[in-house]
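Please open the structure in your viewer and keep the selection tool at hand.

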Amino acid sequence: MANTYTLISSVTVGSGGAATIDFTSIPATYTDLLVKLSGRNSASGDDRFTIEFNNSSSNLSQRRLYGEGTNVNSDAPASAIQPTGIPQDSYTANTFGNTEIYIPNYASSNNKSLSVDAITENNATTAYAMMVAGLWSDSAAITSIKLTPMSSGNFKQYSTAYLYGISNA
Amino acid sequence: MTNKIVVDCSTGEVQEIALTAEEIAEREVMAAEYAEQKAQEDAAAEAKAAAKASAEAKLAALGLSADEIAAL
């Protein structure tokens, strides 16, 4: 059971936006990692962002469960881990989505699982709530985490990302 | 100019770095692929919603109440 949370690094996106947020040189001294993202997309048409480890876009799999205001769905996109957590720019102005990414045993030599809890904000019928169970089938310790909007948009100004290290003792 | 943010967790340094031409091209290719995937997902969701509405209408025509349909 985790009993310590240590802020490793954080970032607030500036006025120019950001195509990606990349945490690099993550120390292997913790047991688990937690990313808390408050984000908004500068483009319309897509609320998703991708999660990559060590700049690898392969050996990723997932199961997504989500609701979008009308229906509930489950799917398993074959490409990148892709939660819906950054409201597109056509959504209610100045709202930001919230996402938690939990990565247990990130420095082990086993495959890496992750869980994602994400929501968008929108004062309309369509707004997403999503859970993702993901797997990166790779034995390498995770040393970097990259977050990228899936459309051609950027993370908007005032989006924030916090990376925590969690120790089990 | 589009920048990426790189956070060096060993030093705490945060850098904003302009994307290279290669990164911009890769980003455009990925955006096109993801847009196509999103369109397929949206179409599947719409088809599912239409099927659900159709099924509910048929159940209602058989005499089931809205509460009974919702309880299924």
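Predicted model: local features only at pLDDT ≥ 70, side-chain atom pairs only at ≥ 80, totals over all residues.

**Step 1: the contact.** Display chain A and chain B together. The contact draws 27 residues from chain A and 23 residues from chain B. On the side of chain A that touches chain B, the elements giving two or more residues are strand 1 (4–12), strand 2 (21–24) and strand 6 (72–75) of chain A. Strand 2 of chain A gives the most, with four residues. Colour this side of chain A by class: twelve residues are nonpolar, twelve are polar and three are charged.

**Step 2: across the chains.** Select strand 2 of chain A and strand 1 (residues 3–8) of chain B. These two strands pair in the parallel sense, over four bridges. Now pick Asp22(A); the bridge partner of Asp22(A) in strand 1 of chain B is Val6(B).

**Step 3: within chain A.** Which residue of strand 10 of chain A stands opposite Asp22(A)? That residue is Lys146(A).

Step 4: Finally, select the strands in the order 4(A)-10(A)-2(A)-1(B)-2(B), which form an open sheet of five strands with mixed pairing. Strand 4 (49–53) of chain A and strand 2 (14–18) of chain B are the edge strands, each pairing on one side only. On average, neighbouring strands of this sheet are turned by 20° against each other, direction ignored.

Conventions. Residues numbered from 1 in each chain as written. Chains lettered and ligands numbered in written order. Contact = placed C-beta atoms within 7 Å. Nonpolar A, V, L, I, M, F, W, Y, C, P; charged D, E, K, R; others polar. Pairing = 2+ DSSP bridges. Axes fitted to C-alpha atoms, helices over the stretch in contact; angles between N-to-C directions.
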